[in-house]
Amino acid sequence: MKRFFPILDWLPAYNRTVLTNDLVAAVIVTIMLIPQSLAYALLAGLPAEVGLYASIAPLVLYAVFGTSRTLAVGPVAVVSLMTAAAVGKIAAGGTPEYLGAAIAMAVASGLMLLAMGLLRLGFIANFLSHPVISGFISASGILIATSQVPSLLGIKVEGHTLPEVLLGLAQNLQDINIFTALIGGFAVAFLWWSRSRLKGTLAKYRVSPGLTSVLVRAAPVAAVALTTLAAWAFGLGDRGVSLVGDVPSGLPTPALPPLDPDLWAAILLPAALISLVGYVETVSVAQTLAAKRRQRIDPDQELVALGMSNLGAGLSGGFPVTGGFARSVVNFDAGAETPAAGAFTAIGMALATLFLTPLLYHLPKATLAATIIVAVLGLVDLPAIKRTFAVNSADAAAMLVTILITLGVGVEQGIASGVGLSILLHLWRTSRPHVAVIGQVPGTEHFRNTLRHNVVTVPEVLSIRVDEALYFPNARWLEDTVMAHVADNRQIKAVVLNCVAVNDVDSSAIESLEAINARLKDAGVRLHLAEVKGPVMDRLQKTHFLDDLTGFVHLTQYDAMQALAPDLTRQTRTLPRINTAKVT
């Protein structure tokens, strides 16, 4: 039961000290989440109250099913952008159909994640490489920030790509509302200052670290309060400043999403992409924070927890949610010890929904746009392209392509291309595995790459190490590589295939090994294997390959060379051990 309901793992040991720590963390996260939930609903093209609804049930459900002690689930910028991009193609913004599609998107995403978790398919997320997801998040941050500039200036711009938004801005600059621009400019400046300078300023006045943390996290709430008060006092709504307006008070009423088959067919692919991106972000954040306290999470159970959270969001009138990095770090730093902190945050959000919504009538939408801009700029990490290029140019190219497609074509196409590139890069790398000709290190029984070390070899024996599992994409590559070496050296009488790095073989690879054995036999060359792992040997023993093998299977590479070139190994073994690394 603890596997499916992780709450049973920590709840029996819950005590007053843990309760106090969780309550303190919940207060801080609630203060942070109220303006963020409103802002991300705006980013998704939804009414403000939908953001509040999406911040109640998901947090409670994650507390029951989640394995991370400090993850904060709720609306996040990237998923909100993806929701807007997907739903905007199905229904017009501001219509009941648009809201219904967003709710259905949350339910569809929840069902997919739940099914993946029950089937333990968490490994699928591994096919989305870090450079690709980093590039997508950076591009999304740029796109989100740019898309909020019109709201910051009081102009209306249509478009979902960077060129469309920039063109719209250029064409409508003459329509800037000066009052909206002043409110938006103040909000951006205040939020930026509070994030970068407020902590240092308070430290100069010897404010306690605990109070400083609360004040810094409360800065967005202060921005909301100040700009709302200004809009009310100066009647800015009558001067063209767009306000949030009426926000219904009261808790959401559970209801089923629209069940139109055409709608569900249209949202399946976007929901799958949202699920994938949300899960990758959730697991990466949860694992990072768990490692700091020497805790662990269950990635497959996180799929279940995230699926239940999205089901809860959809059935309570919300939109897709996931684990947020910034809020989770705040939750962690505030001292949260169990997922109960999330449940207490949900209670805080419920109280805000019941009693604070009338105060939001005069809240300028420019303030929410400023909140989004300041929050997402931290997601942009363009220097990562240079860092990635220094390590692997193919990864950097995939990252750059993902960024360009996301900015120029759209978020769905960007993440889809990223997934495709990740899979293609994986197949390309494994289809051309690293293959090294190895020789004996003088004075030892070790064998290393002849291109990297000063080693001893014998012309009659070719020793090759394959550094990859053998399966259908690389089976032919290995066959061609071995035969090319043999064709280039007529002295070779034996080939030793060192399998120390081979942890798996499939039927295609075994057929290639059989072909290599047969072709070498025709050329008068014997094939030997060395350092074969148990699981690989189990596969080989189920075929007739070992019966047809012209050579032998040796326990170690040294054993193979002792059998094939005893004089060389005896002489080399007695040589003094030296530093074998070649100077380059």
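The model is predicted. The protein chain has 584 residues, of which 51% count as buried. Its secondary structure comes to 26 helices and 8 strands.

**Overall form**

- Taken along the principal axes, the C-alpha atoms of the protein chain fill a box of roughly 95 × 60 × 55 Å.
- The protein chain exposes about 26800 Å², and carbon and sulfur atoms supply 62% of that area.
- Among contacts between residues at least 6 apart in sequence, 80% join residues at least 24 apart.

**Nonpolar cores**

- The largest nonpolar core holds 104 residues, and the members that touch the most others are M82, L128, F136, F319 and I415.
- Helix α13, which spans residues 261-292, gives the most to this core, with 15 residues.
- Not counting residues up to four places away in sequence, I415 touches M82, L128, I133, F136, L273, V277 and T406.

- An open sheet is formed by 6 strands in the order β4-β3-β5-β6-β7-β8, with mixed pairing.
- Its edge strands are β4 (447-449) and β8 (553-554), each of which pairs on one side only.
- Strands of a sheet pair through backbone hydrogen bonds, and they do so either parallel or antiparallel.
- Strand β3 (residues 435-440) runs antiparallel to β4, and 3 bridges join the two.
- In this part of the sheet, G439 stands opposite R448 in β4.
- Helix α22 (residues 507-522) lies across β6 (494-498) and β7 (526-530), and runs at about 140° to β7.
- Helix α25 (residues 557-564) lies across β3, β4, β5 (461-466), β6, β7 and β8, and runs at about 170° to β6.

**Threonine 227**

- T227 is part of helix α12, which covers residues 219-233.
- T227 counts as buried because its relative accessibility is 1%, and the cut-off for buried is under 20%.
- The side chains of T227 and T367 are joined by a polar contact of 2.8 Å.
- Leaving aside neighbours within four places in sequence, T227 is in contact with I183, F186, H362, L363, P364 and T367.

Conventions. Residues are numbered from 1 along each chain as its sequence is written. This is a predicted model: local features need pLDDT of at least 70, side-chain atom pairs count only at pLDDT 80 or more; totals for chains, interfaces and linings use all residues. Side-chain values use heavy atoms; hydrogens and water are left out. A nonpolar core is a set of buried Ala, Val, Leu, Ile, Met, Phe, Trp, Tyr and Cys residues joined through side-chain atoms within 4.5 Å. Buried means under 20% relative accessible area, exposed over 50%, partly exposed in between (1.4 Å probe, protein chains only). Helices (H or I, at least four residues) and strands (E, at least two) are DSSP runs, numbered from the N terminus. Contact means heavy atoms within 4.5 Å. Two strands pair if DSSP finds at least two bridges between them. Axes are lines fitted to C-alpha atoms, for helices over the stretch in contact, and angles run from 0 to 180 degrees between N-to-C directions. A polar contact is a pair of N or O atoms within 3.5 Å; within protein, one must be able to donate a hydrogen and the other to accept it, and residues adjacent in sequence count only if both atoms are side-chain atoms. Accessible areas come from the Shrake-Rupley method with a 1.4 Å probe; for residues, only the protein chains shown count as cover.
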